[in-house]
Amino acid sequence: MRQVGCGIDIGGSGVKGALVDLGTGEFIGERVRIPTPMPATPEAVAGVCREIIDALEVEPGTPVGVSFPAPIIHGTVPFMANLDQSWVGVNVDVLMTKTLDRPCHTLNDADAAGLAEVAFGAAKGVSGTVIVTTLGTGIGSAVIVDGTLVPNVELGHLEIDGHDAEKRASSAQKELQDLSWKKWAKRLQRYYSHVEMLFSPDLFVVGGGISKKHEKFLPLLDLRTPIVPAALLNTAGIVGAAYAASRLS
(Lines give C-alpha, C1' and ligand atoms only; values in the text may rest on other atoms or scores of the structure.)
Protein backbone atom coordinates (compact mmCIF):
# COMPACT_ATOMS: atom_id res chain seq x y z
CA MET A 1 0.00 0.00 0.00
CA ARG A 2 1.38 3.39 -1.00
CA GLN A 3 2.34 5.66 1.90
CA VAL A 4 1.35 9.26 1.27
CA GLY A 5 2.73 12.34 2.98
CA CYS A 6 2.15 16.06 2.61
CA GLY A 7 4.82 18.72 2.40
CA ILE A 8 4.53 22.51 2.48
CA ASP A 9 7.41 24.83 1.55
CA ILE A 10 7.08 28.38 2.92
CA GLY A 11 9.10 30.99 1.04
CA GLY A 12 9.33 34.74 0.91
CA SER A 13 7.29 35.00 -2.29
CA GLY A 14 5.19 31.85 -2.35
CA VAL A 15 3.84 29.00 -0.21
CA LYS A 16 3.85 25.68 -2.07
CA GLY A 17 2.46 22.28 -1.16
CA ALA A 18 1.97 18.82 -2.61
CA LEU A 19 1.13 15.25 -1.72
CA VAL A 20 4.23 13.04 -1.82
CA ASP A 21 4.67 9.33 -2.47
CA LEU A 22 6.95 8.40 0.44
CA GLY A 23 8.18 5.34 -1.42
CA THR A 24 9.56 7.24 -4.40
CA GLY A 25 9.73 10.91 -3.37
CA GLU A 26 7.55 11.89 -6.32
CA PHE A 27 4.59 14.24 -6.22
CA ILE A 28 1.11 12.75 -6.34
CA GLY A 29 -0.98 15.07 -8.47
CA GLU A 30 -0.23 18.75 -8.99
CA ARG A 31 1.62 21.13 -6.71
CA VAL A 32 -0.45 24.00 -5.25
CA ARG A 33 1.13 27.46 -4.93
CA ILE A 34 -0.33 30.53 -3.23
CA PRO A 35 1.55 33.86 -2.96
CA THR A 36 2.96 34.55 0.49
CA PRO A 37 0.62 37.01 2.23
CA MET A 38 1.85 40.50 3.05
CA PRO A 39 2.55 41.08 5.83
CA ALA A 40 3.68 37.47 6.27
CA THR A 41 2.50 37.12 9.88
CA PRO A 42 2.22 33.69 11.54
CA GLU A 43 -1.58 33.72 11.43
CA ALA A 44 -1.73 34.82 7.78
CA VAL A 45 0.83 32.25 6.58
CA ALA A 46 -0.77 29.47 8.61
CA GLY A 47 -4.09 30.38 6.99
CA VAL A 48 -2.55 29.98 3.53
CA CYS A 49 -1.16 26.59 4.57
CA ARG A 50 -4.70 25.60 5.54
CA GLU A 51 -5.91 26.65 2.09
CA ILE A 52 -3.23 24.47 0.51
CA ILE A 53 -4.07 21.29 2.43
CA ASP A 54 -7.77 21.86 1.73
CA ALA A 55 -7.01 22.23 -1.99
CA LEU A 56 -4.91 19.05 -1.88
CA GLU A 57 -7.70 17.22 -0.02
CA VAL A 58 -5.20 15.85 2.50
CA GLU A 59 -6.69 12.93 4.43
CA PRO A 60 -7.41 13.61 8.14
CA GLY A 61 -4.55 12.43 10.33
CA THR A 62 -1.94 12.63 7.55
CA PRO A 63 1.18 14.25 9.05
CA VAL A 64 2.20 17.50 7.36
CA GLY A 65 5.81 18.57 7.08
CA VAL A 66 6.62 22.26 6.80
CA SER A 67 9.84 23.60 5.26
CA PHE A 68 10.55 27.03 6.79
CA PRO A 69 13.03 29.82 5.90
CA ALA A 70 14.63 30.14 9.34
CA PRO A 71 16.30 27.97 11.97
CA ILE A 72 13.85 25.82 13.94
CA ILE A 73 14.81 24.83 17.48
CA HIS A 74 12.38 22.33 19.00
CA GLY A 75 9.65 23.79 16.81
CA THR A 76 10.40 27.43 17.65
CA VAL A 77 11.81 30.26 15.49
CA PRO A 78 14.78 31.97 17.24
CA PHE A 79 15.21 34.74 14.63
CA MET A 80 13.77 35.66 11.25
CA ALA A 81 15.19 37.18 8.05
CA ASN A 82 12.70 36.61 5.22
CA LEU A 83 9.24 36.81 6.81
CA ASP A 84 7.56 39.09 9.34
CA GLN A 85 9.48 39.61 12.59
CA SER A 86 6.42 38.52 14.57
CA TRP A 87 7.54 34.92 13.87
CA VAL A 88 10.34 35.26 16.42
CA GLY A 89 9.56 33.07 19.44
CA VAL A 90 6.61 31.33 17.73
CA ASN A 91 6.38 27.54 18.02
CA VAL A 92 5.51 26.74 14.42
CA ASP A 93 4.73 23.09 15.17
CA VAL A 94 2.05 24.12 17.66
CA LEU A 95 0.64 26.86 15.39
CA MET A 96 0.43 24.61 12.33
CA THR A 97 -0.92 21.60 14.21
CA LYS A 98 -3.74 23.77 15.56
CA THR A 99 -4.49 25.61 12.29
CA LEU A 100 -4.26 22.56 10.03
CA ASP A 101 -5.98 20.27 12.54
CA ARG A 102 -3.47 17.46 12.09
CA PRO A 103 0.08 16.59 13.27
CA CYS A 104 2.70 19.00 11.85
CA HIS A 105 6.48 19.01 11.96
CA THR A 106 8.55 22.05 10.92
CA LEU A 107 12.19 22.16 9.87
CA ASN A 108 14.59 24.60 8.23
CA ASP A 109 14.27 24.73 4.44
CA ALA A 110 17.88 23.74 3.72
CA ASP A 111 17.52 20.83 6.14
CA ALA A 112 14.38 19.69 4.31
CA ALA A 113 16.19 19.79 0.96
CA GLY A 114 19.09 17.85 2.45
CA LEU A 115 16.85 15.11 3.79
CA ALA A 116 15.15 14.80 0.41
CA GLU A 117 18.47 14.26 -1.35
CA VAL A 118 19.50 11.59 1.18
CA ALA A 119 16.16 9.79 1.11
CA PHE A 120 15.38 9.97 -2.62
CA GLY A 121 18.03 11.90 -4.53
CA ALA A 122 21.73 12.20 -5.22
CA ALA A 123 22.79 10.88 -1.79
CA LYS A 124 20.40 7.92 -1.58
CA GLY A 125 22.18 4.88 -0.19
CA VAL A 126 25.29 6.83 0.89
CA SER A 127 26.37 6.06 4.46
CA GLY A 128 28.41 8.31 6.71
CA THR A 129 28.38 12.11 6.56
CA VAL A 130 26.60 13.84 3.68
CA ILE A 131 26.73 17.63 3.31
CA VAL A 132 24.13 19.18 1.04
CA THR A 133 24.67 22.81 0.02
CA THR A 134 22.36 25.07 -1.96
CA LEU A 135 24.03 27.84 -3.95
CA GLY A 136 21.67 30.78 -4.42
CA THR A 137 21.22 34.18 -2.78
CA GLY A 138 23.33 32.73 0.01
CA ILE A 139 24.65 29.25 0.75
CA GLY A 140 22.21 26.95 2.49
CA SER A 141 23.50 23.78 4.10
CA ALA A 142 22.39 20.53 5.67
CA VAL A 143 24.46 17.87 7.41
CA ILE A 144 23.08 14.32 7.56
CA VAL A 145 24.99 11.51 9.31
CA ASP A 146 23.89 7.95 8.53
CA GLY A 147 20.43 9.25 7.71
CA THR A 148 20.10 11.43 10.82
CA LEU A 149 19.87 15.20 10.35
CA VAL A 150 22.06 17.55 12.38
CA PRO A 151 19.64 20.51 12.34
CA ASN A 152 20.30 24.18 11.69
CA VAL A 153 23.92 23.94 10.55
CA GLU A 154 24.77 27.26 8.85
CA LEU A 155 27.88 26.52 6.81
CA GLY A 156 27.19 29.47 4.51
CA HIS A 157 28.22 31.78 7.35
CA LEU A 158 31.63 30.29 7.99
CA GLU A 159 34.30 32.99 8.07
CA ILE A 160 36.92 32.20 5.43
CA ASP A 161 39.83 34.56 4.73
CA GLY A 162 38.02 37.27 6.69
CA HIS A 163 34.79 37.02 4.71
CA ASP A 164 31.39 35.50 5.35
CA ALA A 165 31.60 32.53 2.96
CA GLU A 166 28.33 33.19 1.13
CA LYS A 167 29.36 36.80 0.46
CA ARG A 168 32.14 35.39 -1.73
CA ALA A 169 30.96 32.06 -3.08
CA SER A 170 27.17 32.12 -3.53
CA SER A 171 25.76 32.04 -7.06
CA ALA A 172 24.28 35.49 -6.41
CA GLN A 173 27.81 36.82 -5.94
CA LYS A 174 28.87 35.20 -9.20
CA GLU A 175 26.17 37.19 -10.98
CA LEU A 176 26.68 40.40 -8.98
CA GLN A 177 30.44 40.45 -9.61
CA ASP A 178 30.14 39.05 -13.15
CA LEU A 179 32.59 36.26 -12.36
CA SER A 180 33.59 33.74 -15.01
CA TRP A 181 32.95 30.08 -14.23
CA LYS A 182 36.69 29.62 -13.66
CA LYS A 183 37.00 32.54 -11.23
CA TRP A 184 33.87 31.49 -9.35
CA ALA A 185 35.14 27.91 -9.17
CA LYS A 186 38.29 29.18 -7.43
CA ARG A 187 36.07 30.66 -4.72
CA LEU A 188 34.06 27.45 -4.50
CA GLN A 189 37.32 25.50 -4.22
CA ARG A 190 38.37 27.59 -1.23
CA TYR A 191 34.94 27.12 0.37
CA TYR A 192 34.53 23.39 -0.17
CA SER A 193 38.16 22.68 0.79
CA HIS A 194 37.56 24.43 4.10
CA VAL A 195 34.32 22.55 4.79
CA GLU A 196 36.06 19.31 3.79
CA MET A 197 38.83 20.00 6.29
CA LEU A 198 36.30 20.62 9.08
CA PHE A 199 34.00 17.64 8.47
CA SER A 200 35.78 15.04 6.28
CA PRO A 201 32.42 14.17 4.68
CA ASP A 202 31.68 11.15 2.51
CA LEU A 203 29.77 13.17 -0.09
CA PHE A 204 28.97 16.75 -1.09
CA VAL A 205 25.68 17.39 -2.89
CA VAL A 206 25.30 20.78 -4.61
CA GLY A 207 21.82 22.20 -5.17
CA GLY A 208 20.26 25.54 -6.00
CA GLY A 209 19.13 26.67 -9.43
CA ILE A 210 22.68 26.99 -10.72
CA SER A 211 23.26 23.26 -10.16
CA LYS A 212 21.47 22.74 -13.48
CA LYS A 213 24.74 24.03 -15.01
CA HIS A 214 26.92 21.84 -12.80
CA GLU A 215 29.05 20.69 -15.73
CA LYS A 216 30.45 24.24 -16.00
CA PHE A 217 31.92 24.37 -12.48
CA LEU A 218 31.91 21.07 -10.55
CA PRO A 219 34.62 19.49 -12.81
CA LEU A 220 36.87 22.46 -11.98
CA LEU A 221 36.95 21.54 -8.27
CA ASP A 222 39.74 19.38 -6.82
CA LEU A 223 38.54 17.70 -3.63
CA ARG A 224 39.11 14.38 -1.89
CA THR A 225 35.36 14.14 -1.32
CA PRO A 226 33.06 13.21 -4.21
CA ILE A 227 30.86 16.18 -5.17
CA VAL A 228 27.69 15.72 -7.23
CA PRO A 229 24.71 17.85 -8.35
CA ALA A 230 21.41 17.61 -6.50
CA ALA A 231 18.69 15.50 -8.09
CA LEU A 232 15.43 16.94 -6.74
CA LEU A 233 15.98 20.67 -7.30
CA ASN A 234 12.76 22.69 -6.76
CA THR A 235 10.78 19.75 -5.34
CA ALA A 236 13.28 19.08 -2.53
CA GLY A 237 11.75 21.33 0.16
CA ILE A 238 8.28 19.82 -0.14
CA VAL A 239 9.57 16.24 -0.42
CA GLY A 240 11.99 16.58 2.48
CA ALA A 241 9.37 18.15 4.72
CA ALA A 242 6.88 15.36 3.99
CA TYR A 243 9.55 12.75 4.61
CA ALA A 244 10.61 14.32 7.94
CA ALA A 245 7.01 14.47 9.17
CA SER A 246 6.39 10.85 8.24
CA ARG A 247 9.42 9.68 10.25
CA LEU A 248 8.16 11.41 13.38
CA SER A 249 4.54 10.32 13.15
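Tutor: First a term: buried means under 20% relative accessible area, exposed over 50%, and partly exposed in between, with a 1.4 Å probe and protein chains only. The model is predicted, so local features need pLDDT of at least 70 and side-chain atom pairs count only at pLDDT 80 or more, while totals for chains, interfaces and linings use all residues. Residues are numbered from 1 along each chain as its sequence is written, and side-chain values use heavy atoms, with hydrogens and water left out.

Student: Is Cys 6 buried or exposed?
Tutor: Cys 6 is buried, at a relative accessible area of 0%.

Student: How many disulfides are there?
Tutor: Zero, from a search of the whole structure; a disulfide here is a pair of cysteine sulfur atoms within 2.5 Å. For Cys 6, the nearest cysteine sulfur belongs to Cys 104, 8.5 Å away.

Student: And what about Cys 49?
Tutor: Cys 49 is in no disulfide either, with the sulfur of Cys 104 the nearest at 8.3 Å. Cys 49 is also buried, with a relative accessible area of 0%.

Student: On to the sheet. What is the strand order?
Tutor: The order is β8-β7-β6-β11-β12, an open sheet of five strands with mixed pairing. Strands (E, at least two residues) and helices (H or I, at least four) are DSSP runs numbered from the N terminus, and two strands pair if DSSP finds at least two bridges between them.

Student: Which strands stand at the edges?
Tutor: β8 (148-150) and β12 (227-229); each has a single partner strand, so one side of each has no neighbour in the sheet.

Student: How do β6 and β7 run?
Tutor: Antiparallel, with seven bridges joining β6 (residues 129-135) to β7 (residues 139-145). Thr 133 has Ser 141 of β7 as its bridge partner.

Student: Which strands does α3 touch?
Tutor: Helix α3 (residues 109-120) packs on the sheet and touches β6, β7, β8 and β11 (203-207). Contact means heavy atoms within 4.5 Å.

Student: New topic: what is the volume of the largest pocket?
Tutor: About 1400 Å³. That is the space filled by probe spheres set on the grid points, which are joined across faces, edges and corners. A pocket is an open set of points on a 1 Å grid over the protein atoms alone, where a 1.4 Å probe fits, with protein on both sides within 12 Å along at least five of seven lines.

Student: What lines that pocket?
Tutor: The lining has 43 residues, and Asn 82, Asp 109, Ala 110, Thr 134 and Gly 140 lie nearest the centre; lining residues have an atom within 4 Å of a point. Helix α3 gives the largest share, four residues.

Conventions: Axes are lines fitted to C-alpha atoms, for helices over the stretch in contact, and angles run from 0 to 180 degrees between N-to-C directions.
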